[in-house]
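Please keep the sequence and the structure at hand while reading.

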Amino acid sequence: MSEPVAEEDFTEEPTKVIEEKGFVKKYLLGDYDYGVLCMPRLNPWKVDTKHKLQYYGKDEALPPLLAAFLGFQHALAVVGGTALPGIILGSYDPTGKAAPYLVSYALITSGICSWIQIMHAPIPKTRYFLGSGLMCLIATSFAFLPTAEESIKLMMAEGKTFDEAYGSLLGVFLLGSVFQAGIAFIPPRILRKIFPPWLAGMGVFLIGINLTGVGVSQWGSGGQFLPYGSAESIGLGFFVMCVLIFLELFGSPFLRSTSIAIAIMVGYILAACTSDRNGNPYVDTAPLEEAPVILFLWTKTFPIGFYAPAFVPTLIAYIVSTVETYGDTCATAQASGYTPDDPYWDEALQGGLLGDSVNSFISALSMVLPSTTLSQNIGIISLTNVASRWAGIACGVWMFLFGVFGKFGAFLTVRKKSPSK
């Protein structure tokens, strides 16, 4: 009698499909609740207590798509502040050709320096480290902007070209970064006495006060065809402000954390589609048309010199930048789950300060102003509950790509220059 033939197992294929779906969710998407991050809120005064996002520590690996998504979120949050110093300083160039390069260089350098600050590399045969080892992002420091603006105006009044004036500042920034490096080797217990929390907050506050003046000046700028404070300029700025407030009130967590970049982009689009009372366009697209599609550091260079009168103000700016880095690193460490009593706290501070000085040296060599840690990403860490350094690495990749794509940097500079400049 022959043995019965085994029945064919028809459940094998569906199981494989389920396993493939599980693979995608586990290794690409993760268990993160993307819906909470992208869901707008109808009542901005109601606190959401129903949804709690999964927490990722600083050393936890992220699924690739989640890392790319959060990295893009961080990049949008910091790209405006990273590009602004290059836009402002580039406006002093009579030819208008420097700004796109300064912006692209700043974006590329931000990506590279963020990678350095995120790592925590021990210095051989010492107890010191390079990099905070936290999800700290790097961008051009606004602390050096007032000194740079006044120095460039003085040197150009003396007969120097913009390229020569700007290059003379780069030499000052290179030398000043050595001074900042010395602060990183001061013992942490002494640093805590030198930089109490209130001093770090005051430093950031004073930088914001200076930027308020710059913002008001740029808001009222009528360009080449309209007087300062014209209704058109005030209206465009007010429209951008309204978009920003709307996103802050009703936007999803993702939109709120990127509201500044989105509001500026919307304002650019409106300005590009309209013209002033005389029929003149608000934006000058010549830099966008002339900019190369792909560029890298040193595509355009500035002759490095040394402008002695700017040296002491630059050292003061480095102290302010150090205070800012100290405060931001402490806040990032706290958002990452650490307390001042943890041994890693002091290591992160020392490595972060040294990383800041090394990054400032690299920035000056890369033809941009010295760099510092950013405070914007601290809020995003609290908002998304992700402190993983992989999100910061992904953000560095996005910033690097933004800078390499030359048209993107040029797009951020398509605006009219103020008549006062």
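At what angle do helix H5 (residues 145–157) and helix H6 (residues 162–183) pack, and how far apart are their axes?

## Packing of helices

The model under discussion is predicted. In it, H5 and H6 pack at an angle of about 135°, and their axes are 9 Å apart. The two helices are therefore oblique to each other, since only angles over 145 degrees count as roughly antiparallel. The crossing of H5 and H6 is right-handed.

## Salt bridges

How many salt bridges does a search of the whole structure find? The search finds five. Side chains of opposite charge can pair when their charged atoms come close.

Another salt bridge joins the side chains of Arg277 and Glu232, at 2.8 Å from N to O. Arg277 lies in the loop between helix H11 (259–273) and H12, whereas Glu232 lies in helix H9, so the pair ties together parts that are 45 residues apart in sequence. Which of the two counts as buried, and which as exposed? Arg277 counts as exposed, at 53% relative accessibility, while Glu232 counts as buried, at 16%.

Salt bridges that share partners also join Lys58, Asp59 and Arg389 into one network. Within it, the side chains of Lys58 and Asp59 meet in a salt bridge of 3.0 Å, N to O. Lys58 has 8% relative accessibility and counts as buried, because buried means under 20% relative accessible area.

## A nonpolar surface patch

Which residues make the nonpolar surface patch of about 450 Å²? The patch is formed by Trp219, Ile234, Phe238, Met241 and Ile245. Helix H9 (residues 231–250) gives the most to this patch, contributing four residues.

Met241 is found in helix H9. With a relative accessible area of 33%, Met241 is partly exposed. H9 is also the helix that holds Glu232, the salt-bridge partner of Arg277.

## Backbone features in loops

Most residues other than glycine have a negative phi. Where does the model depart from this pattern? Trp298 has a phi near 65°, a positive value in a residue other than glycine. Trp298 lies in the loop between helix H12 (286–290) and helix H13 (311–335). With 45% relative accessibility, Trp298 counts as partly exposed.

Met367 also has a positive phi, near 75°, and is likewise a residue other than glycine. The loop that holds Met367 runs between helix H14 (343–365) and strand S4 (371–373). Is Met367 buried or exposed? At 5% relative accessibility, Met367 counts as buried.

Gly379 is placed in helix H15 (residues 376–384). Gly379 counts as partly exposed, at 43% relative accessibility. How far is Gly379 from Ala335, in sequence and in space? The two residues are 44 residues apart in sequence and 8.6 Å apart in space, C-alpha to C-alpha.

Terms used: Residues are numbered from 1 along each chain as its sequence is written. This is a predicted model: local features need pLDDT of at least 70, side-chain atom pairs count only at pLDDT 80 or more; totals for chains, interfaces and linings use all residues. Side-chain values use heavy atoms; hydrogens and water are left out. Patches are made of residues with over 30% relative accessible area and no salt bridge: like charges are joined within 9 Å, nonpolar side chains (Val, Leu, Ile, Met, Phe, Trp, Tyr) within 5 Å. Accessible areas come from the Shrake-Rupley method with a 1.4 Å probe; for residues, only the protein chains shown count as cover. A salt bridge is a side-chain nitrogen of Lys or Arg within 4 Å of a carboxyl oxygen of Asp or Glu. Buried means under 20% relative accessible area, exposed over 50%, partly exposed in between (1.4 Å probe, protein chains only). Axes are lines fitted to C-alpha atoms, for helices over the stretch in contact, and angles run from 0 to 180 degrees between N-to-C directions. Angles under 35 degrees count as roughly parallel, over 145 as roughly antiparallel, 65 to 115 as roughly perpendicular and the rest as oblique. A crossing is left-handed if the near helix is turned anticlockwise from the far one by less than a right angle, and right-handed if clockwise.
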